[in-house]
Amino acid sequence: MLTKRIIPCLDIKNGRTVKGVNFVDLRDAGDPVVLAKQYADRGADELVFLDISATLEGRATTLEMVLHVAEQVNIPFTVGGGISSVEDVNALLQCGADKVSINSSAVKRPELVNELADKFGSQCVVVAIDAKQINGNWKVHLAGGSIPTDIDLFEWAKEVEQRGAGEILFTSMDHDGTKNGFANEALAKLSEELNIPIIASGGAGTIQHFIDTFKIGKADAALAASVFHYGEIPILDLKNELKNNNISVRL
Amino acid sequence: MKLVIINYGAGNIKSIQFAFNRLGIDAILSNDPEEILSADKIIFPGVGEASSAMKKLQETGLDTLIPNLKQPILGICLGMQLLCNSTEEGNTKGLGVFNTNVKRFSNEVKVPQMGWNVIKNLKSDLFSGIKENEYMYLVHSYYAEHCKQTIATTDYGINYASALQHNNFFGVQFHPEKSSLAGEKILDNFLKL
């Protein structure tokens, strides 16, 4: 049986790991290659690196980091952040990334999803969607959640699926950084309306939150950062508890 | 040991090269027939869409070279699928080494299958030291139907062949290069065949 995936997310700036709390107030949490290896050894199923470098030099450092991660880590990993062209993706895949995630650039130019799926295959195209509720409606937000759009989360998710996305990484801006649990209602709706895997992101604080997002949110994978980085939830403990709750995991 | 990874422009092969590096083997990336023919072991990778991958093989004549290879050769993911008789993806005729066909998963399951699933009914030296129900990382929308050459099976809506073997030809649907220590063990087994 296909297992539910646990995915630590590492924010990368100029080749170093940082973690955003509500996407501001960054704190340094170590060398990405060392962290990645440690996570792979401790039971993480996949890793996501989110490049938040603002400069070209910073991005070049990230490519080098991707190469070092690919050399040393024996589980799959996704790289996201600032990707806006076929060339960007090609460079990352050449350095050994397994998947890329695109966000704002897909909203600005949806054809990018088709181009990437045609050129590299859907299996490596993750579309990340940041959304929050405005008057009870889930609206897509850009630029790390700071710019609202009028685009409906569910319509956008369906559109990118049709354009060839292989997976959706949905971050609820209402939940991110709160440690109050994932946006399970919206996640369950995504999971029911789409036929590609959905990664839940934003709000992880306790083991129960992961149980809920798999059972109630029907997520295929769950992503979190600080609860893993600061050792609040050891991944093996989490997976054992998921198993005790009849959720299929790789142990 | 001369290990060649066939480089025909189909997807990310760096990960496979790095996985062998971790096992202490420097693999050569090449699409040169002479280089491939002189290899002790060959990896036939593949990520992406079947018909365009097959086109790339045809452009370089590798479509006739590969089925006639005598060394141990391991097809990974799409590489394995292209070694079958045919695939529904792009209605593509395969290389016909494995006597089975590749079909698309039904929409009763999420497609692609993405993540870790177990392999069982293991029947090959390729899996020496690998326990039944070991987890492997898979990413695919199409699967090979069972045949006499099945050496591992996996369940995803349907029970299908997640590994195949015919004489010196081996194929795995999963990505051993991304399947943690167990995956590396399988690559190591392949080197020792």
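**Chatting about chains A and B**

Q: Where does Pro112(B) lie in chain B?
A: Pro112(B) is in the loop that joins strand S7 (98–104) to strand S8 (113–119) of chain B. Helices (H or I, at least four residues) and strands (E, at least two) are DSSP runs, numbered from the N terminus.

Q: Before we go on, what kind of model is this?
A: This is a predicted model, where local features need pLDDT of at least 70 and side-chain atom pairs count only at pLDDT 80 or more, while totals for chains, interfaces and linings use all residues. Residues are numbered from 1 along each chain as its sequence is written, chains are lettered from A and ligands numbered from 1 in the order in which they are written, and side-chain values use heavy atoms, with hydrogens and water left out.

Q: Thanks! Is the peptide bond from Val111(B) to Pro112(B) cis or trans?
A: That bond, from Val111(B) to Pro112(B), is cis, with omega near 5°. Most residues other than glycine have a negative phi, and most peptide bonds are trans.

Q: Which residue of chain B has a positive phi although it is not a glycine?
A: Asn91(B) has one, at about 45°. Its place is the loop between strand S5 (84–87) and strand S6 (92–93) of chain B.

Q: Is Asn91(B) buried or exposed?
A: Asn91(B) counts as exposed, because its relative accessibility is 73%. The cut-offs are under 20% relative accessible area for buried and over 50% for exposed, with partly exposed in between (1.4 Å probe, protein chains only).

Q: And what about Asn135(A), where is that one?
A: Asn135(A) sits in a loop of chain A, between strand S7 (125–134) and strand S8 (137–142). Asn135(A) is not a glycine, but its phi is positive at about 50°. With 77% relative accessibility, Asn135(A) counts as exposed.

Q: Switching to Asn14(A): what does it touch?
A: Leaving aside neighbours within four places in sequence, Asn14(A) is in contact (heavy atoms within 4.5 Å) with Ser53(A), Thr55(A), Gly58(A) and Thr61(A). Asn14(A) lies in the loop between strand S1 (5–13) and strand S2 (16–21) of chain A, and it is partly exposed at 41% relative accessible area.

Q: Now the whole chains. How many helices and strands are there in chain A?
A: Chain A has 10 helices and 12 strands. For chain B the count is six helices and 13 strands.

Q: Last topic: what area is buried between chain A and chain B?
A: About 2500 Å², with 53% of that area given by carbon and sulfur atoms. Buried area here is the accessible area (1.4 Å probe) that two parts lose on being put together, summed over both. On the chain A side, Leu2(A), Asn74(A) and Asn195(A) lose the most area to chain B, together 27% of what that side buries.

Q: How many residues does the contact take from each chain?
A: The contact takes 38 residues from chain A and 29 residues from chain B.
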